[in-house]
Amino acid sequence: MNADFLPDGAISPKLGQLASLAGRYATPEHAVAHGGHVRTIAAGHYTVAGLSRHVRLGEFVAHRSATGVHLGEVVRVEPELAFVCPIEPGEPIGIHDTVIRKGAFRIAPTEGWCGRTVNSLGEPIDNLGPLPIGNVRRSISNTAPPSMTRQRVSTGFKTGVRAIDIFSPLCLGQRLGIFAGSGVGKSTLLSMLARAEAFDKVVIALVGERGREVREFIEDTLGPHMQKSVAVVATSDESPMLRKMAPLAAITIAEHFRDAGDNVLLIVDSVTRFAHAIREVATASGEPPIARGYPASVFTELPRLLERAGPGPEGTGTITAIISILVDGDNHNDPIADSVRGILDGHIVLQRSLAEEGRYPPIDPLASVSRLARKAWTPDQEKLVSRLKSLVHRFEETRDLRLIGGYRQGSDPDLDMAIKQVPIIYDILKQLPGERPTVDAFTDLATALKNGSAAHLAARQRG
């Protein structure tokens, strides 16, 4: 028997010291009472003997090494061994090191977290001093509210991005995905949406981001809006466990503000890197892949995360989630994109071809869908958008015909109107990140179409 352990579950003085060191992570309902020791070590995980009867899948343990106490998550449990993925990269682990059960990982957010940047463990990384501790410690693995207790989504809001407010308007409590390949403009569009005035609080999870972009996003993009925001950051060089925990910590913070009655905007960039982190952890623990290298646990964790967003129970606020999805090789039907699309309440599609034309944001109005748009449109706006989409579709499907000179003006009145008005529509949808958010997108569109039609008529009269 290892010297750190005594019969009948008693705790040795050394274990008691470890329990004290891990105290700030321990939860009251999981008082430290069980310990084990490292049995084997492999790349990405280690095994612990003596804990299998006491831990559950997804719980956390504290491991004592030469450099201090480090956390790990239980990712697999066998009769004699528990498999643990360490939270911190490069943690020194030795055979027979002491490991104790911690229970569910919890954080205690409060209003004082606004304006701060934290890591996946809820620790400050902005050099602004310690964080205040809230009165309620929340597990980052909470479940979504029961469906029949949740409020109904009913109130639309303006994002300030004309292409979205016209063609795919959003409602408070909606969950929207932004689908695009790498380098097409997902993060830029997210930065524009983060400035929406409809929200009391903004919580941002930057998952697997480049380290140099974090301060740019917080200081330049958010700017004064950071005072009502909390940023949770796990950069690309951090461990898969930290990248996996970042969105979970972010949505837990958002739930705190929602329960206080706030309307919260949750931005996750990106959920694909969250899925990649789960894949790394699951693969290291021996879980087999089932779809293009992704194990089954990925498709279990995605809905558990995304369903936690949305309207809260009656008497609370809402969490409006805007999630970016990186589509591998511009394939919008890859397993992650396909799975997430079925969970969310709408999707915005960014096309590389539009970005190459210089149209920013490169939103495809025909491929983008908001499933709650009718709650945000007026009846007249809904009819107008239906007509606009018809014109855009007619314009695009005849593009090749017109380029080779195969169409004669006057042959099709609808196409004539599309040729005249769609370029004006495309022009009004262009919007650079530095521009002021638009107040009324439909008024801007009506003004542009009116001015464009007047200019077209004057040109015909001069001709």
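In the predicted model, helix α6 passes helix α7 in a right-handed crossing. The axes of α6, which spans residues 271-284, and of α7, which spans residues 296-306, come within 9 Å and cross at roughly 140°, and the two helices are therefore oblique to each other, given that an angle has to be over 145 degrees to count as roughly antiparallel. On the α6 side the contact is made by Val271, Phe274, Ala275, Ile278, Arg279 and Ala282, and these residues meet Ser297, Val298, Glu301, Leu302 and Leu305 of α7. By residue class, the contact of α6 with α7 divides into 8 nonpolar, 1 polar and 2 charged residues.

Elsewhere in the model, 6 strands close into a barrel, in which the order is β1-β2-β5-β4-β3-β6 and the pairing is antiparallel. From one strand to the next, the twist averages 45°. Within this order, strand β3 (residues 60-65) pairs with strand β4 (residues 68-77) in the antiparallel sense over 6 bridges, and Val61 has Gly72 of β4 as its bridge partner.

A further strand, β13, comprises residues 201-209 and contains Gly208. With a relative accessibility of 11%, Gly208 counts as buried, because the cut-off for this class is under 20% relative accessible area. When residues up to four places away in sequence are not counted, Gly208 touches Ala234, Thr235, Ser236, Arg243 and Arg273. Between Gly208 and Ala355, the separation is 147 residues in sequence and 23 Å in space, C-alpha to C-alpha.

Notes: Residues numbered from 1 in each chain as written. Predicted model: local features only at pLDDT ≥ 70, side-chain atom pairs only at ≥ 80, totals over all residues. Heavy atoms only, no water. Axes fitted to C-alpha atoms, helices over the stretch in contact; angles between N-to-C directions. Helix = DSSP H or I, 4+ residues; strand = E, 2+ residues; numbered from the N terminus. Parallel < 35°, antiparallel > 145°, perpendicular 65-115°, else oblique. Left-handed = near helix turned anticlockwise from the far one by under 90°. Contact = heavy atoms within 4.5 Å. Nonpolar A, V, L, I, M, F, W, Y, C, P; charged D, E, K, R; others polar. Buried < 20%, exposed > 50% of the residue type's maximum accessible area, 1.4 Å probe, protein only. Pairing = 2+ DSSP bridges.
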